[in-house]
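Hi there,

Here is the structure I promised to pass on. Have a look first, and my notes follow below.

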Amino acid sequence: SRKGFVIAVDGPAASGKGTIARALAKHFGLPHMDTGLLYRAVALKIWRWGGDPNIEFEALRACDNLGFDPDDEELRSEPISRIASKISSYASVRDALLQRQRDFAAQEGGAVLDGRDIGTVIAPEADVKLFVTASAEVRAQRRVRELLERGMPGHYDDVLLDIRARDERDATREIAPLLQAQDADLLDTSDLTAEQAIAEAIRLVEHKLANA
Ligand code: CDP
Ligand code: CDP
């Protein structure tokens with residue numbers, strides 16, 4: 001086995017990429033970064049300021065001194081998801097968050113990162129790239145269950161609409177759109193439990209490393 005490899009995990013909202021990335025990090029003993037949290041932290045800051053996410057320079061200002069508590073439940077709320085999706089389309093915001101992610105990916109010993117543009121922009125040289133998907137309906141069901149578990153409101157129809165709107169925005173934005181890297185392995189989790197998806201991801205990574 002080898003040391004110091006980088007695993008890039010990308011995919012749309014609630015595809016299961018975070019669950020898979022965390023499990024891979026644990027299995028291979030690598031540090032993990034959920035890059036969506038960076039965009040969510042910027043969104044939460046604007047929300048708390050009462051700022052306007054439609055104004056790019058306000059979003060950029062929120063990137064300064066970006067500290068956040070990863071366990072803050074508010075980061076995962078639907079209003080914050082919506083604002084995060086909006087502000088992640090700004091080139092200036094993506095630039096401001098770029099180096100932090102690149103540095104994490106470049107650390108000695110390797111890393112696992114999950115997001116939308118890890119395999120394409122953040123770590124194009126990653127040793128393993130996974131593109132995780134699931135149908136929009138399955139992803140909406142998962143997100144509703146997750147919100148319920150956290151005691152937050154969420155109605156299936158609204159969440160499905162939100163997921164579709166975010167998919168559309170993530171896939172069509174000009175900078176770093178969500179797209180499967182040419183050299184990424186596709187993992188459709190629609191019909192898989194989280195445990196099955198994790199087992200399949202580990203198998204894909206081991207296969208890639210064995211053939212590298
Ligand atoms: O968990 P979920 O997929 O719903 O969202 P997330 O990964 O936490 O990301 C929140 C928002 O940040 C998404 O709507 C993306 O538009 C954006 N994002 C991005 O543009 N690039 C990344 N590498 C990660 C997230
Ligand atoms: O990070 P992302 O938004 O892509 O999704 P996640 O937070 O990893 O997963 C969303 C929810 O779906 C979590 O509650 C998982 O337990 C659940 N789930 C999954 O991740 N994978 C499956 N194959 C089935 C369910």
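Which elements each supply at least two residues of the lining of the largest cavity? They are α6 (118–122) and β4 (128–133), where helices (H or I, at least four residues) and strands (E, at least two) are DSSP runs numbered from the N terminus.

Some housekeeping: this is a predicted model, with local features needing pLDDT of at least 70, side-chain atom pairs counting only at pLDDT 80 or more, and totals for chains, interfaces and linings using all residues. Residues are numbered from 1 along each chain as its sequence is written, chains are lettered from A and ligands numbered from 1 in the order in which they are written, and side-chain values use heavy atoms, leaving out hydrogens and water.

Back to the cavity (a set of points on a 1 Å grid over the protein atoms alone where a 1.4 Å probe fits but cannot get out; lining residues have an atom within 4 Å of a point). The lining includes D10, K129, L130 and F131, and β4 gives the largest share, 3 residues.

On to helix α7 (residues 136–149): its 14 residues reach 20 Å from first C-alpha to last, close to the 20 Å expected at 1.5 Å a residue (that is, 1.5 Å times one less than the number of residues). After α7 comes G151, with a positive phi near 70°.

Lastly, S92 sits in helix α5 (residues 91–106). Its side chain makes a polar contact with the side chain of E56, at 2.7 Å (a pair of N or O atoms within 3.5 Å; within protein, one must be able to donate a hydrogen and the other to accept it, and residues adjacent in sequence count only if both atoms are side-chain atoms).

Cheers

Notes:
On a 1 Å grid over the protein atoms alone, a cavity is a set of points where a 1.4 Å probe fits but cannot get out, and a pocket is an open set with protein on both sides within 12 Å along at least five of seven lines; lining residues have an atom within 4 Å of a point.
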